[in-house]
Amino acid sequence: MDPDLDRGQGLNQSRFWNWFVAPGALWIGLLFAVPLFLVLALSFGHVDDFGRGVYGFEWSNYEAVFDSTYVPVLVRSVTYALITVILCLLIGYPVAYFIARFGGKYRYVLIAALVIPFFVNYLVRTYAWVALLADEGLVNNWLIDLSLTDAPIQMINTPYAVIGGLVYGYIIFMILPLYGSIERMDPSVIEAGKDLYGSPFRTFIHVTLPATQPGILAGCVLVFLPAVGDFVSAQLLGGPDTYMVGNLIQDQFFAASNWPFGSALTVVMMLFLAIWMIFYLRRATRGEADVL
Amino acid sequence: MSDLELNRRQLLAAGAGLALTAYGVSGCTVERPLDRSAAGDIVEPKIDGDLLIYNWAQYMDPQIQKDFAEEHGIRVTEVNFDNLEAMVTKLRAGGAYDLIFPSSEYVKRLKNEQLIRQFDRSKLPNAATLSPFYDNPWYDPDSEFSLPYAYYTTGIAYRTDQGLTMTESWNDLSNPDAEGRIFMLDDFQEGIGQANLINGFYLNTARTEELEVSKETLLMQKEGLRGFSTNSVQTLVSGSAAITQAWNGDVVNARNQVDDPSIFAYETCKEGVPVGTDAMSIPITAKSPGTALMFMDYLLKPSNAYRNVMWNGYPQPVAGGREAFAKLVKDDPSIDVNLEEIADSSMEFRLEDPEARQEWTRIWTEVKA
C-alpha cells in the first residue's frame, strides 16, 4: 500500500474524530467555564438593597479578603490541610504498601473494602463521627463503662476532631495513587537494594521512596486541594475556633447573603490552589520524563 | 501548530471579549428576572394540583400531609431548607414551591420584593380562630400575604443535673460553671441580638458604635464557647452542651428524646426575650397556589393544629394549637410564650435597613472568623 495515501486517510479520519470532542467541550464550556467566569465577574460586584449580588467593577471585595480579620482563617485552613496531608501520608503509605506488596490475591478485595465506605455521602459519614464521639456518645460511654475515665472526654468541637474528620474524609485519595505506584514498582529493585547491603530502612529511603514519588505527589495534591476548601468537617466537628475558609465562603453565599464577597474569596482560593496544581503538574511531567 | 492553539492576538481578543461581556452585565443582578405577572391576582382556595412544601426540617407532622393528600387525591411533597437566606435564594432563582415558611421579617422582605402572593383570609374558615394579634401584624398589614404558623421565644436551655448556677441573664452564655460546654445559636441575629440586650441597647440597633461594643461582648463570650450551632436538640441530647442559647420549642423536642426530661430546663432572660413568628406564604412561582391555600387552612384546623404542636413542640396561635402547647409545658411555664410579647415588636428581629443588615452580617462573620 502507498504510505502517503494511508497518511491522507488517517488525517481525514482524525478530522472526523475531532468532532467527538464537541460534546465534551460544550459540557466543559457551559458547566465549567461560564460559571467560573460568572464567579469572577461577580467578585467585582456588590450587594443591592434586597441582598442580591449585582455585577460591577470594584476591588472592595478583594480588599476585604485580605483584611486582617480573614487572614487567620486562610492560614488556619492551609495549616489544617497540610496536617491532614501529612497524617494521610503517614497512615496511607503503610496501608497501600501492605496491600500492594503482600495483599496477594486479596488485593482487590482489600481495595474494595477501603473504597466502599466512600460510597456513603461524606456528610452522613461525618454525622456518624458526631454520634460516636459526642460527650454522651458511644465512645465516651464505653470509656466510662470500662472505668478508663470518670468524666466524658471532649472529643468533638475541637481542632483535632476537624483534622480527624478531614483525614477520614480524604485518605482514600492518598491510598489509591500510592497503591498504584507501589504496585507498579518492580520488586526486584528492593532486592537489589538489599543485595547491595542496604538496611531495610536505607533501602526504603533510597529505593522504594524515590520509585513511588509520583504516587506520593499525586496523593498529597489530591488530599490537599479538597481539604483546604472543606467546610463539612469544621461545621459538624469543629468548635468556635476552627472556622475554615470553606465555612466562610458558605456563610457568604447563604447566611450572610453576600455573594460578591463569597465570589472574591472563591477566586483567591482558586488562584492559590492553581499554584499548587501547576507545581504538581510540572513535577509530574518531569517525573515521567525521568522515567523515559 | 494545531488549529486549537491560541496565538497572542487571539488571546488578547478573547480577553477583550470577556471584558466587554463583563461591562455588559455590569449592574445586572445575579438572577434572571422572575415572571411576576401573577403578583396582582388573588389566590382562590381550590385544589389546582400537587403540593410542594418548602419548610424547615422536623417542623410539621408528616401525617397531616398524608391525610390531606388522601382527602384530595393529590400528592404532597416536602423539601427542607436550613436557613431562610438559602430559601430566598432558591425562590429568586425560580424555585417552584407552593408553600413556604418565612419568619415575620422575611414575609415583609418577600412582600416588598413581590415574591409572595396575595389571598383573602376571610375565605379560610379555620383562620377565624387565630389570635387577634395576627389580624394586622406589623410585617403584613391586614394579613393579606401570610398567615402565622408558629411562634417562639429565644432563651437559654441548660442541664439541671450538673450543678450550674443560672441567673436568668444572657450572661449565662459565659457562665464560668460551664466553660467550654456552652453553645451559641449559629444565627447572626440571635447572636448579636443577645449581646445588644446584655449591653442595654435596642435589640435591632443599627448604631455602629453600639454594634462595636456588642462585637466585643461576643468575642469575650466566644472564649468560653464550645461552638456555634442551631441544632440545639442534638447538642443537648448528645451531652455536648451544658448550656445553649435555644428556641423554646427545641427544648420541648430535646426533652422528648431522653429518658428523664427533667435534665433540661429553659430560662428566659431578664435583659429581654426575643420573640418571633414563622408564617406561611405562597410564592409567586407556585404551580398550585390554590392547593397551597387549602393546605394552609387545613393546618389551622383545630384538630390538626393540636397534633402538629404535639409533634413539633412549637406553639401555634390558633384553637387547638394553644391547648396542645399548654399541655406540653404545663410543668414549665418559662417555655410558654406570651403573645403580648409578640405584639411588642421591639423584641422581634427586624433589620429593615439594608445597610444595617450588611453591618450585622459583617460583624457576625468577623466574630466567627
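This is a predicted model: local features need pLDDT of at least 70, side-chain atom pairs count only at pLDDT 80 or more; totals for chains, interfaces and linings use all residues.
Let us begin with chain A. Its secondary structure comes to 15 helices and 2 strands. Along its principal axes, the C-alpha trace of chain A spans about 75 × 65 × 30 Å. A compact globule of 292 residues would have a radius of gyration near 19 Å, but the value for chain A is 25 Å.

On the helix 4 side, the contact is made by A:Tyr80, A:Ile83, A:Thr84, A:Leu87 and A:Cys88, while helix 8 of chain A brings A:Val162, A:Ile163, A:Leu166, A:Val167 and A:Tyr170. Sorted by class, the residues of this contact between helix 4 and helix 8 of chain A are 9 nonpolar and 1 polar, with no charged ones.

Now follow helix 4 of chain A to its meeting with helix 9, residues 172–184 of chain A. Here the axes come within 8 Å and cross at roughly 45 degrees, so helix 4 and helix 9 of chain A are oblique to each other. Helix 4 of chain A again has a right-handed crossing, this time with helix 9 of chain A. From helix 4 of chain A, the residues in contact include A:Cys88, A:Leu89, A:Gly92 and A:Tyr93, and helix 9 of chain A answers with A:Met174, A:Ile175, A:Leu178, A:Tyr179, A:Ile182 and A:Glu183. The contact of helix 4 with helix 9 of chain A has 13 nonpolar, 1 polar and 2 charged residues. If you have A:Cys88 in view, you can find this residue in the contact of helix 4 with helix 8 of chain A and also in the contact of helix 4 with helix 9 of chain A.

Chain B comes next, with 13 helices and 11 strands. The C-alpha trace of chain B spans about 80 × 55 × 40 Å along its principal axes. A compact globule of 369 residues would have a radius of gyration near 21 Å, and the 23 Å of chain B agrees with that. The domain assignment of chain B gives domain 1 as 37–146 + 281–300 and domain 2 as 152–275 + 348–368. The C-alpha centres of domain 1 and domain 2 of chain B lie 29 Å apart.

For a helix pair in chain B, turn to helix 10 (residues 302–312) and helix 11 (residues 321–328). Their axes come within 7 Å and cross at roughly 30 degrees. Helix 10 and helix 11 of chain B are therefore roughly parallel to each other, and their crossing is right-handed. B:Ala305, B:Tyr306, B:Val309 and B:Met310 in helix 10 of chain B meet B:Gly321, B:Glu323, B:Ala324 and B:Phe325 in helix 11 of chain B. By class, this contact of helix 10 with helix 11 of chain B has 6 nonpolar, 1 polar and 1 charged residues.

Finally, let us see where the chains touch. Their contact takes 37 residues from chain A and 30 residues from chain B. On the side of chain A that touches chain B, the elements giving two or more residues are helix 2 (21–42), strand 2 (53–54), helix 4 and helix 14 (245–253) of chain A. Helix 2 of chain A gives the most to this side, with 3 residues. The residues of the side of chain A that touches chain B divide into 21 nonpolar, 10 polar and 6 charged.

Notes:
Residues are numbered from 1 along each chain as its sequence is written. Chains are lettered from A and ligands numbered from 1 in the order in which they are written. Two residues are in contact if their C-beta atoms, placed from the backbone, lie within 7 Å. Helices (H or I, at least four residues) and strands (E, at least two) are DSSP runs, numbered from the N terminus. Ala, Val, Leu, Ile, Met, Phe, Trp, Tyr, Cys and Pro count as nonpolar, Asp, Glu, Lys and Arg as charged, and the others, Gly among them, as polar. Domain bounds come from an automatic or database domain assignment. The radius of gyration is taken over C-alpha atoms; the globule rule is 2.2 Å times the number of residues to the power 0.38. Axes are lines fitted to C-alpha atoms, for helices over the stretch in contact, and angles run from 0 to 180 degrees between N-to-C directions. Angles under 35 degrees count as roughly parallel, over 145 as roughly antiparallel, 65 to 115 as roughly perpendicular and the rest as oblique. A crossing is left-handed if the near helix is turned anticlockwise from the far one by less than a right angle, and right-handed if clockwise.
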